[in-house]
Structures are given as structure tokens and as C-alpha cells.
Amino acid sequence: MRRILCFAAGAMLLASAGVSAAQQLTLGTTANPAPAAIFLADQKGLFKKHGVDLTVQLVTGDPTIPAALISDSIQIASVTPTTFLNAVANGIDLVAFSGTTITTHGSKDIAIVAGKDSGIKTPADFAGKTLGVAGIGAVLDVMLKNWLDQNGVDVSTAKFIEMTLPSMADQLKAGRVDALITVDQFAQRMISEGFGILIANPLAEIPEGQSAQEIVATRAWADANPETIAKVRAAIKEAEGIAKADPEAIRAALGNAMNLPPPVTARIALPVVDTSLSVAQLDWWLAIMKKHGLVKGDVNTASLVLP
């Protein structure tokens with residue numbers, strides 16, 4: 001089951017510590033391929049099998065999730081590592097207890113796309129251009145800046161503009177941005193309709209095995225609900241096994257969860273489901289964020305991953 005809800009980013013209320021037997025557990029996530037293990041577990045009835053009454057609730061933007069956790073609108077969430085680390089750096093006491101998917105050099109679910117009339121053909125052409133990202137400091141912004149840096153482009157010469165993922169195709173087509181970074185299902189439209197040119201799949205140029213998303217909760221909620229966390233972990237782990245045995249099960253789960261039309265579902269790039277999570281994975285993302293001034297101060301990553 002899934003519901004769509006917009007969360008007010010400023011909702012900063014104290015979270016209730018526990019979940020009563022009558023209260024439904026809600027997991028918030030955005031509609032993208034990275035939470036594939038969650039979508040698969042939900043649609044296969046694995047949460048119920050492991051004794052968890054859980055609803056997967058789609059949210060409009062990753063940055064709104066920490067506020068929703070604090071306000072107890074949701075109890076757990078799947079978020080990108082950049083959102084997680086930004087929240088912790090800003091004093092929100094969150095912990096992670098599972099991964100969902102990981103990066104591999106063969107991953108094509110993230111794409112850097114340039115407008116056909118932008119003049120962009122190589123990384124060097126990005127200097128001085130206007131670039132679209134889903135959120136400054138969000139995971140796609142970090143990926144794009146890391147890719148530019150790796151390819152010798154001075155990131156400070158480019159202008160970055162925030163826009164929602166669904167609006168990106170229209171923004172690129174209208175020439176409001178020269179290029180952007182997006183997820184596969186939106187890149188497909190830009191390329192197939194001829195106004196976008198695929199420049200790179202940036203996951204191919206970062207170390208393999210980096211966590212794409214983590215399942216998180218407030219530390220207070222996690223401390224009060226260790227048995228529930230164990231059950232959610234068991235369901236996600238079982239989903240990982242199904243995904244590895246039958247990759248097409250991931251495709252069906254993503255199509256259903258994101259309400260994609262069959263032609264898009266058939267072509268969508270599949271993520272690599274891996275529910276492991278380590279401090280080293282968070283450290284990699286944190287180092288990239290610090291390099292580009294997206295996180296200031298120290299973050300004790302060793303305290304952020306539950307055993």
C-alpha cells in the first residue's frame with residue numbers, strides 16, 4: 001500500500017518515542033529506483049509476513065523527510081545519504097539501520113543530460129553553464145559536482161538551479177537550463193523526444209558499493225522499538241534475496257510503486273539491491289560533501305549506523 005503526501009519542511013515537533021500495537025508504522029520515501037528493496041518487500045507482503053503493519057508513503061522531496069520523522073508523521077524513512085548527513089550535521093538525531101541499494105559501475109539509473117542546443121558535448125563544456133539539480137546539497141547535486149570535479153571542471157564557474165524532477169524535462173526543453181542531472185525514467189523522455197543528449201551516467205565514475213539510500217529513524221524511536229527494527233530489517237533482507245534471484249521482480253515493483261507506464265517500466269535501469277550498510281559508506285559521501293562546502297563541522301559517522 002502507498003500514499004502520497006507533501007510534508008511541511010518546517011514541521012519540527014518532538015517525536016513520540018514508541019509505536020503502540022494499534023498504531024500503524026509508516027515508512028516515507030520518494031518515488032525513485034533507490035528504495036527498490038522497500039517497494040519489493042511491500043508488494044510481496046514481506047513486512048506483514050515478518051509481523052509489521054507498515055504503509056509505504058511516497059513523499060514529494062527527500063529534504064522534507066527529517067522534519068516528518070521528528071513530527072512523527074512517519075516513523076521510519078528511506079533517504080539519500082546526503083539528506084541523512086545534512087540532517088545530522090544540523091542537529092537532528094537520526095540513525096540508520098539498513099541500506100537499500102548500492103552504486104556499481106554498470107549503474108545507469110542516474111543520468112547527466114544536456115540540451116541539444118546547449119553546445120555541451122564534453123565535460124569541459126559545462127564550465128559557465130546553468131545546470132539543473134533536484135536540490136542544492138541533495139544527492140544528485142553532490143553527484144554532479146563530484147563528476148564535474150573528477151573531469152577537471154571548476155564547479156564554481158557553473159550556476160546551479162533547483163527544480164523538481166518531474167519539471168526537469170520541460171525546463172531543459174525550454175532552454176532554461178543547459179544541462180541537468182536526473183533519474184532514468186525522466187532522462188528517457190528527454191532523450192527519446194530528441195531535446196536531450198545523454199552526456200554521462202555518473203555512477204560509473206564513483207567507487208562501487210556506495211550506499212544509494214539508507215533506512216533511518218530518530219534515535220529516540222529506534223531506541224524504543226528495537227524489535228520493530230529487527231522485523232523491518234528481516235523483511236528488507238528477504239526482498240534482497242528475491243531481487244538477486246529475479247531482477248525482473250525489481251522492475252515490476254518499481255513500475256507499480258512509481259506508477260510508470262509499461263513502456264517506461266520496460267526500459268527503466270535497474271538498481272542493485274544490497275541492504276548492507278557501513279560507516280565507511282557514509283564517510284565517502286561525507287568527504288565529498290565537505291569538499292564542496294555542503295556540510296560544515298564534524299559528523300560522528302561511527303554513531304550513526306545501528307549494529
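Hi everyone. The protein chain here splits into domain 1, covering 22-103 + 209-303, and domain 2, covering 110-205; those bounds come from an automatic or database domain assignment. This is a predicted model, in which local features need pLDDT of at least 70 and side-chain atom pairs count only at pLDDT 80 or more, while totals for chains, interfaces and linings use all residues. Residues are numbered from 1 along each chain as its sequence is written, and side-chain values use heavy atoms, with hydrogens and water left out.

Taken over C-alpha atoms, the centres of domain 1 and domain 2 are 25 Å apart. Domain 1 puts 20 residues into the contact and domain 2 puts in 14 residues, where contact means heavy atoms within 4.5 Å.

How much area do domain 1 and domain 2 bury between them? About 1400 Å², with 66% of it on carbon and sulfur atoms. Buried area here is the accessible area, taken with a 1.4 Å probe, that two parts lose on being put together, summed over both. On the domain 1 side, Trp285, His292 and Leu294 lose the most area to domain 2, and together they make up 31% of what that side buries.

Now the polar side of this contact. Between domain 1 and domain 2 there are 5 residue pairs in polar contact, both residues being at pLDDT 80 or more. A polar contact is a pair of N or O atoms within 3.5 Å; within protein, one must be able to donate a hydrogen and the other to accept it, and residues adjacent in sequence count only if both atoms are side-chain atoms.

Which elements give two or more residues to the side of domain 1 that touches domain 2? They are helix H4 (81-89), helix H11 (262-267) and helix H12 (279-291). Helices are DSSP runs of H or I with at least four residues, numbered from the N terminus. H12 gives the most to that side, with 5 residues. By class, the side of domain 1 that touches domain 2 has 12 nonpolar, 6 polar and 2 charged residues. For those classes, Ala, Val, Leu, Ile, Met, Phe, Trp, Tyr, Cys and Pro are nonpolar, Asp, Glu, Lys and Arg are charged, and the others, Gly among them, are polar.

There is also 1 salt bridge between domain 1 and domain 2, meaning a side-chain nitrogen of Lys or Arg within 4 Å of a carboxyl oxygen of Asp or Glu. The side chains of Lys291 and Asp149 form a salt bridge at 2.5 Å, N to O.

By that rule, the count comes to 10 salt bridges. One of them joins Asp141 and Lys145 at 3.1 Å. These two sit 4 residues apart in helix H5 (residues 139-150), so about one helical turn separates them. Are Asp141 and Lys145 buried or exposed? Both are buried, that is, under 20% relative accessible area, with exposed being over 50% and partly exposed in between (1.4 Å probe, protein chains only).

Glu193 and Arg189 pair up at 3.3 Å. Glu193 is partly exposed at 45%, and Arg189 is partly exposed at 31%. Asp170, Arg189 and Glu193 are linked in a network of salt bridges.

Finally, have a look at helix H1 (residues 36-43), where 7 of its 8 residues are buried. Among them are Ile38, Phe39, Leu40 and Asp42. Just after H1, Gly45 takes a positive phi of about 70°.
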